[in-house]
Amino acid sequence: MKIAIIGAGNLGLAIAKGVLHSNGATTMYLTKRNTSEIKDFEKYGNVTVTTDNREAVQKSDTLIFAVQPGHFASILEQVKDLLTENHVIISAITGFSISKIEDIIGHDKYIIRSMPNTAISVGNSMTCMCSNELGKKRVDLAKAIFNRMGHTMEIPEEQMQAATVICASGIAFWMRLIRATTQGAIQLGFDAKEAQELAMHTCNGAASLLIDSGSHPEEEIDRVTTPKGCTIEGLNEMEHQGLSSSLIQGIVASFEKISAIRKG
């Protein structure tokens, strides 16, 4: 697969690392206005780093766009005359609808929107995607790319903003919970490094339990709570202090913000 990542910033590089580490590309082009920071990627041998978006499009068949939303339209205008019936266009750009893309490059292209998160760089992203009507024929190809770097889910386009909050912003939410657990462990006597190690691997284990078993979270909670025990005491105190409520309110606040940005 000949892949071009147009816009090798933080997200673009995370995708590039995921693809390269899983041997998911025969060739890869990475584009950026300042290439000095990403020249090291050429050590992979099959990677070309360039400032030339047109060259990247001409030499590739799968195009992953990870540029800033404000630059996307002009870049599409710049390369649209090079797009052929073989190109698959995958946008990883927040808030830029499929209809906007079609208005620029036409309805006769395979267009897919994807929303990975930064865990893609370690092969563990939750990536949501949707497509235009023609793009449905290439969704499996997009899933094949992103499944190498985690898990994918196809959803309706109207749910993409919500998916951005749960999956992309969600990385930050879970990091904050891990940090809080780390701080609690320090207060109980562990040093900072030990505390973070305990928090990280316990969080990873909790998620793995649900993924592997298919259980509801409350089923697994029931396995570790005993009558009058320390676990239920801690859980109840957290709920008294608004743990679930504050998380839900934070998620809703993030969604309201992203919705306001799109309307603006």
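How much area do domain 1 and domain 2 bury between them, and what share of it is on carbon and sulfur atoms?

1. Basis. This is a predicted model, in which local features need pLDDT of at least 70 and side-chain atom pairs count only at pLDDT 80 or more, while totals for chains, interfaces and linings use all residues. Residues are numbered from 1 along each chain as its sequence is written, and side-chain values use heavy atoms, with hydrogens and water left out.

2. Interface area. Domain 1 (2-154) and domain 2 (164-263), whose bounds come from an automatic or database domain assignment, bury about 580 Å² between them, 70% of it on carbon and sulfur atoms; buried area is the accessible area (1.4 Å probe) that two parts lose on being put together, summed over both. On the side of domain 1, Thr-94, Met-115 and Asn-117 lose the most area to domain 2, together accounting for 50% of what that side buries.

3. Contacts. The C-alpha centres of the two domains lie 32 Å apart, and 10 residues of domain 1 are in contact with six residues of domain 2 (heavy atoms within 4.5 Å). Between domain 1 and domain 2 the count of salt bridges is zero (a side-chain nitrogen of Lys or Arg within 4 Å of a carboxyl oxygen of Asp or Glu).

4. Annotated site. The unreviewed UniProt entry carries a "binding site" annotation that covers Ile-6, Gly-7, Ala-8, Gly-9, Asn-10, Leu-11, Ala-66, Val-67, Gln-68 and Pro-69, although such annotations may be inferred rather than shown by experiment. These residues are spread over 64 residues of sequence yet cluster in space, with a largest C-alpha distance of 14.0 Å.
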